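Reader: Can you walk me through this one? I'd like to start with the ligand site.

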Amino acid sequence: MSKYELIPHPTYSRISEQEMINNAKSFYKLMKNRRTVRDFSPDPVPQEIIENAILTAGTAPNGANMQPWYFTVVKSADLKKQIRTEAEKVEKEFYDTKAPDYWLDALAPLGTDENKEYLEIAPYLIVIFTRKHTVLSDDTIKQHYYIHESVGIATGMLITAIHNAGLVSLTHTPKPMLFLRDLLQRPKYETPFLILAVGYPKENVQVPKIDKKSLDEIATFL
Ligand code: IYR
């Protein structure tokens, strides 16, 4: 395997400490206003926003630059309906029989249940897949590494990009969600990771009154 050619960093240049502090604070302010929303408006959203958010996700750091992700963007009403039907089947089983009481207790304040109407209402469902490997055009297999870490980071960046653009999203992980692979005709070496519903919130949307942990609770400086 030959080495990559090395080039000077195309864009990096230092900025002042004050400017960095300001940037860090204003970005925190932007991100702390992100809320997960469960009620969407059916209003259409320009596809260009979704395309650029996925391009942003695709810049994520990842194992050996294999980019072990794939995004299927579902816009079709018929496919969204099929996803909803299948997701509600597994969610019903989760809520009725599979979930232990302590899990149901943790979910109770959120008021979630097996009804997943938003899967049909949100204009886009971005279905994120992990890839074990890529099959090259000559049929050789290129193994991928740190797949969950990489796709987790990319998903975070996707959620950030959607928020920064002015839309809202909802992470949904029906369990099990292998049905998505067949429904969306993805190959065996891909596994569904998460569904991200994206769109505008419905008018006067409400969200749970929750707090985030303080810096002291989530970090130590040694
Ligand atoms: N997947 C289920 C249950 C669920 C689990 C957690 I942890 C949540 O934070 C929210 C929901 C559902 O979508 O209802």
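Author: Keep in mind that this is a predicted model. The ligand is surrounded by Arg38, Glu91, Phe94, Tyr95, Trp103, Leu107, Asp113, Lys116, His172 and Thr173.

Reader: How much of the ligand does the protein bury?

Author: The protein buries 68% of the 380 Å² that the ligand exposes when taken alone.

Reader: Back to tyrosine 95. Which side chain does a polar contact of 2.8 Å join to that of tyrosine 95?

Author: That of threonine 112. Threonine 112 sits in the loop between α4 (101-107) and α5 (118-121).

Reader: Is threonine 112 buried or exposed?

Author: Buried, because its relative accessibility is 16% and the cut-off for buried is under 20%. Beyond its neighbours within four places in sequence, threonine 112 is in contact with Arg38, Tyr95 and Leu107. Arg38, Tyr95 and Leu107 are also among the residues around the ligand.

Reader: What does arginine 84 contact?

Author: Setting aside neighbours within four places in sequence, arginine 84 contacts Asn115, Lys116, Glu117, Leu119 and Glu120. Lys116 is one of the residues surrounding the ligand. Arginine 84 itself is in helix α3 and is buried, with a relative accessible area of 18%.

Reader: Switching to packing. How many residues are in the largest nonpolar core?

Author: It has 23 residues, and Ile126 and Leu158 have the most contacts inside it. At least two residues of this core come from each of α2 (47-57), β1 (69-74), β2 (124-131), α6 (147-165) and β6 (190-199). The most come from α6, with 7 residues.

Reader: What does leucine 158 touch?

Author: Not counting residues up to four places away in sequence, leucine 158 touches Ala53, Ile54, Ala57, Phe71, Ile126, Ile128 and Leu196. Another core, of 20 residues, lies apart from this one and includes Val90, Ala122, Met177 and Ala197.

Reader: Which residues of α2 are buried?

Author: Ile50, Ala53, Ile54 and Ala57. They lie on the same side of α2, because they cover an arc of only 100° around the axis. The buried residues of α2 pack against β1, β2, α6 and β6.

Reader: And what does the face of α2 turned away from the buried side carry?

Author: That face carries the exposed residues Glu48 and Leu55.

Reader: Backbone check next. Where is the cis peptide bond?

Author: The bond from lysine 175 to proline 176 is cis, with omega near -5°. Proline 176 is in the loop between β5 (168-172) and α7 (179-183).

Reader: Which residues other than glycine have positive phi?

Author: Glutamine 67 is one of them, with phi near 55°, and aspartate 139 has a phi of about 75°. Glutamine 67 is in the loop between α2 and β1 and counts as partly exposed at 33% relative accessibility. Aspartate 139 is in the loop between β3 (133-135) and β4 (141-143) and counts as exposed at 62%.

Reader: Last one: what are the overall numbers for the chain?

Author: The chain has 8 helices and 6 strands. Of its 222 residues, 33% count as buried. Its C-alpha atoms fill a box of roughly 55 × 50 × 40 Å along the principal axes. The accessible surface of the chain is about 15000 Å², and 54% of that belongs to carbon and sulfur atoms.

Notes. Residues numbered from 1 in each chain as written. Predicted model: local features only at pLDDT ≥ 70, side-chain atom pairs only at ≥ 80, totals over all residues. Heavy atoms only, no water. Helix = DSSP H or I, 4+ residues; strand = E, 2+ residues; numbered from the N terminus. Buried < 20%, exposed > 50% of the residue type's maximum accessible area, 1.4 Å probe, protein only. Polar contact = N/O pair within 3.5 Å; in protein donor to acceptor, adjacent residues only side chain to side chain. Contact = heavy atoms within 4.5 Å. Core = buried A, V, L, I, M, F, W, Y, C linked by side-chain atoms within 4.5 Å. Near = heavy atom within 4 Å. Areas by Shrake-Rupley, 256 points an atom, 1.4 Å probe, with all protein chains shown as cover. Arc of directions from axis to C-beta.
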